[in-house]
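Please walk me through how to read some features of a protein model. I would like the general idea and then the case at hand.

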Amino acid sequence: MKEVFLRTVNMSISAGWMILAVLILRFLLKKAPKWTRVLLWGIVAIRLLCPFSIESAWSLIPSAQTIPMDIEMDVSPAINSGINALNTAVNPLLQQMFTPKTGESANPLQIWILVFEIIWIFGMLIILFYGTFSLWKLYRKLATAVRYKEHIFQSKKISTPFVLGLVKPKIYLPCQLDAQDLEYVIAHEKAHICRKDHWWKPAAFLLLTIHWFNPLMWLAFVLLCHDIELACDEKVIRNLNSEKRADYTQALVRCSISSRRIISCPLAFGEVGVKTRVRAILYYKQPGWQTVCPAVLVCILASLCFLTNPTGDGYLKRLFSPSRKTVFYNDLESYRTDYLGDSVNVSFIAQHLPYPKGYKYSSIELQTEKAPYALMVYLQGNPSVLPEDFSSCADLAFDLIGNVEIISFYNASDKTELAVFTRQESALSDGSSF
C-alpha cells in the first residue's frame, strides 16, 4: 500500500503542473470553442490515470517522481522536485526532521508515511460515502417520477432539470417547469447525453476522490463542471438566432440553483456559473478555422509537454543547456562538502549525479570509520552498460566530496558491482563525458 500511496502522490504532483498550465491556457483560449477546455481537462485526467509515461525532451514536467519510492528507508531523505531552489529549501528541513537517530528501531518517515496512508484512505472513504449517500437520497426523490416521453421524466420533488444514469441516462425535469422553457431545457440535457458528459463528470469525481489531498484537484473539478456547461451551451445555441438565444438565457436564469455544493453525479441545467454562461451565450460568435485550428494545436502541444516525463534527471534548464557537464556541476556546487561523513550533502549529491540512462538512485552506504573513505551508491535499473559509463558520475562526486577515496556503484536488486573508481584514477576535467 505504501508504494500505491507514494505513486499516487507523485502522479498528483505531476498532474498539478498540468492543472496550472490549463489555468493559463483557459485564459489564453477565451475565444476558442469551449470544448477545447474540456479536452485540456481530459489531458489532466490521463496524467492522473497513467502510472507510466514516455520520456521526452519536450516535457515541461520538472520531475516525474518528486518523492523517491524508498524515501522512508533513506538515511538522508530528500525530494527531487526538479526545481533546485525548492529542493534547497525543503530537503534540509526533511533531513533535520526525519533523519533517523542512532539506536532508533524505525525510520521516522516510515511511521509518518503510514499515518498519511491511513488519512488518505479515510479521506477517500468519506468522499465516497458522501457521493453514494447523495446519490441514494436523489434516487429516493426520483422514485415517484413519471414518464414525460421516451427517456424524459418529471418529478415534483426536484427543483432543477438534470441528467442521471451512466448506461441508460435519463433526463429529469421538475413538474413546475414553464412550458416556454421546456424546449431549451430538453435540448440542453440531450446535448449533455450526446457529449457523454454523464460519464465524464462522475469519472472526474472518482479522480477527485483519489487525489482529494491536492487542492488543485478541487479547483480543477469545479472548473471542469463550469467548462462542461459552457461547452454544452455552445452546442445548443450554435444554430439559434439571437431571439432564441435570449429565450435560452431566460430559461437558464429561471432554472438556476443556488447550491454551491460539489455535486457528484447529476448534470443540472442551471448548476454552475450562470452569470458567466449567460454572458457567453449573449456574446457567442461561431468560431472559424482561424480560431479552432490554433486551439487544437495548443491541445496537442499540451499533450506532448505534459503527458511525457523529462529526460534524464529532469531539470527544465538542462533541455536547453549547451553543456550538461556545466549544468550538473552548477546544480550541485552548493552541496560541496569536505567530509564524506556529511551525510545530508553527500546524499543529495549522490541522488542527483548524471547516471547512465535507465539507472536511478536508490540509496547509499558510507564507509567513514577509517581510510580509505568510501562511498557505495546503489542504483535501480538493469540496462546493459560499461563501467566507464559511470566515470562522469565518479568525476563529479570526487570533485564535490573532499575526502572520499573510493566510489563504487551497485545494482540495488542483486548487489552486483557495476563500477569502482578511486580518486587517483578519476578526476573532473573538461574532457569528462556526461
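Predicted model: local features only at pLDDT ≥ 70, side-chain atom pairs only at ≥ 80, totals over all residues.

Q: Is Val236 buried or exposed?
A: Buried means under 20% relative accessible area, exposed means over 50%, and partly exposed lies in between (1.4 Å probe, protein chains only). Val236 has a relative accessible area of 13%, so it is buried. Val236 belongs to helix H7, residues 215-237; helices (H or I, at least four residues) and strands (E, at least two) are DSSP runs, numbered from the N terminus.

Q: Which residues does Val236 touch?
A: Contact means heavy atoms within 4.5 Å. Leaving aside residues up to four places away in sequence, Val236 touches Ala187, His188, Ala191 and Tyr248.

Q: How many aromatic pairs does a search of the whole structure find?
A: Rings of Phe, Tyr and Trp (its six-membered ring) pair if their centres lie within 6.5 Å; planes under 30 degrees apart count as stacked, over 60 as edge-to-face and the rest as tilted. The search finds 16 aromatic pairs. Trp199 and Trp200 are edge-to-face because their planes stand at 90°, with the ring centres 6.1 Å apart. Trp199 counts as partly exposed because its relative accessibility is 40%.

Tyr355 and Phe409 also form an edge-to-face pair, 6.3 Å centre to centre with 80° between the planes. This pair links distant parts of the chain, 54 residues apart: Tyr355 is in the loop between helix H12 (343-351) and strand E8 (360-367), and Phe409 is in strand E10 (residues 406-411). Both Tyr355 and Phe409 are buried.

Q: Which residue lies over the face of Trp199?
A: A charge sits over a ring if NZ of Lys or CZ of Arg is within 6 Å of the ring centre and within 35 degrees of the ring normal. Lys196 lies over the face of Trp199, 5.2 Å from the ring centre. Lys415 lies over Tyr378 at 4.6 Å from the ring centre.

Definitions and conventions:
Residues numbered from 1 in each chain as written. Heavy atoms only, no water.
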